[in-house]
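Open the model in your viewer and keep the sequence beside it. The tour goes from one selection to the next and says what is there.

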Amino acid sequence: MSYQDIRIEDFNYTLPDVQVAKYPLPDRDECRLLVANEGHLSDHIFRDLPSLLPEKGLLVMNDTRVIRARLEFFRETGARIEVFCLEPSTPALYELSLSSREPVVWHCLVGNARKWREPTLSKLLPSGTCLVAERCEEGEVRFSWDSDRTFGEVLTEAGELPIPPYLHRETEESDLETYQTVYAEHEGSVAAPTAGLHFTDRVLGELQSRGLEVAKLTLHVGAGTFLHVKSETMGGHTMHKEMISVPVATLERLLLQVERGEPIIAVGTTTTRTLESLYYMGHQLLEGVAHPFEVPQWLPYTLTPRFSLEETLRALIEKLHGEGEQHLVGRTQLVILPSFEYKMVDYLITNFHQPMSTLLLLVAAFMGDPEWRRMYQHALDGGYRFLSYGDATLLHKKVR
């Protein structure tokens, strides 16, 4: 079967509402952990993770931080207009936009858009700052404000932290802490990399004491992660694009791990998509493609590989060193489907995902069929908690 002919209905299952975790557990690392290894399933607690990981493994984590991206404005008539900041347009880099003291333009989703008839809407903040939103091109909003604060500071005061829509509740004060990883650093996501929510300082300390190293990268998670696949087959689905930033030091550590033949452990699907995108960026660079750091959706399924993983990583590192850059910055539209050949990731830590989602397809590609179905049925029968605030899994890559 062609990758474009994969039917999303084949990745459906019944998820009882009672098993959707509306809130996290009081202690992050007390959630359950289901380990799947070559068809064998075993039940654990997440704090056991360090003892379950392979020696000399390298954990790679996404250190993005969720921003208060949801803004609420009101017309003089009282009509509510919601502006959801997706990603910056001018300036295009998150760091530059969030640190700007001048007006910025963002790609946004506008709720109740038909009622926004005025050129601008304004919002007076408790600090006295007035935030003004002006509609620009389709899907873009220009923000200005009358104080010397950065846009990130204004957003922190004016905005609301977005939590997943499937929780069917409003954001609460507790979410400001629990919907961030303990190692979150670089602001830009509108959704948390939820596999990382289970880590605590205790678990990280135990990992270090066992000699397991940690490397960081950044993928700013977009709202597209929650979009349902509306087409019958995956060929009709357009994957969302997301910005990634990978330090040269992380690339060098990955290359060393690959050269040694030692395992790479991805914390979450966002980390996985970033790591697997690196191969295609390096491949495009070696082929002389005009924009090598942009990974199109279907590239892995149409490309005839000509270079090894070591060659592609080395090419990226040499390119960045030659240009004096400390980070690889690019965009990925990579969609991972059954038949995808994983090149970088050996182990995957992730949550339980929604039926008929691209995240579930990624897991199915990693584990194979029927292994992923057996795991999900085991979790459903065993009362595991699902989705962002739910329990976790540790998956071993299927040997092909």
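Select strand β5 (residues 70-74) together with β6: the two pair in the antiparallel sense over five bridges. Two strands pair here if DSSP finds at least two bridges between them. Strands (E, at least two residues) and helices (H or I, at least four) are DSSP runs, numbered from the N terminus.

This is a predicted model, in which local features need pLDDT of at least 70 and side-chain atom pairs count only at pLDDT 80 or more, while totals for chains, interfaces and linings use all residues. Residues are numbered from 1 along each chain as its sequence is written, and side-chain values use heavy atoms, with hydrogens and water left out.

**The β5-β6 hairpin**

Show F73, which stands opposite I81 in β6. Then go to the turn, where five residues lie between the strands of the hairpin. G78 takes a positive phi there, near 95 degrees.

**Along β6**

Is strand β6 (residues 80-90) mostly covered or mostly open? It is mostly covered, as eight of its 11 residues are buried. Buried means under 20% relative accessible area, exposed over 50%, and partly exposed in between (1.4 Å probe, protein chains only).

Past the end of β6, select T90 and P91. The peptide bond between them is cis, with omega near -10 degrees. P91 sits in the loop between β6 and α2 (94-98).

**The largest pocket**

The most comes from β6, with four residues. The space in the pocket is about 500 Å³.

On a 1 Å grid over the protein atoms alone, a pocket is an open set of points with protein on both sides within 12 Å along at least five of seven lines; a cavity is a set of points where a 1.4 Å probe fits but cannot get out; lining residues have an atom within 4 Å of a point. Grid points are joined across faces, edges and corners, and a volume is the space filled by probe spheres set on the points.

Colour the pocket lining by class: 13 residues are nonpolar, seven polar and six charged. Ala, Val, Leu, Ile, Met, Phe, Trp, Tyr, Cys and Pro count as nonpolar, Asp, Glu, Lys and Arg as charged, and the others, Gly among them, as polar.

**The largest cavity**

How many cavities of 30 Å³ or more does the structure hold? There are four, and the largest has a volume of about 260 Å³. To find its centre, select T194, T225, H353, L359 and S388, the closest of the 22 lining residues. α7 (269-287) and β17 are the elements that give two or more residues to this lining. By class, the lining has 11 nonpolar, 11 polar and no charged residues.

**Backbone stops**

Select M356, in the loop between β17 (347-351) and α10. Its phi is near 55 degrees, a positive value in a residue other than glycine. M356 is partly exposed, with a relative accessible area of 26%.

Finish at D369 and P370, joined by a cis peptide bond with omega about 20 degrees. P370 lies in the loop between α10 (358-367) and α11 (371-381).
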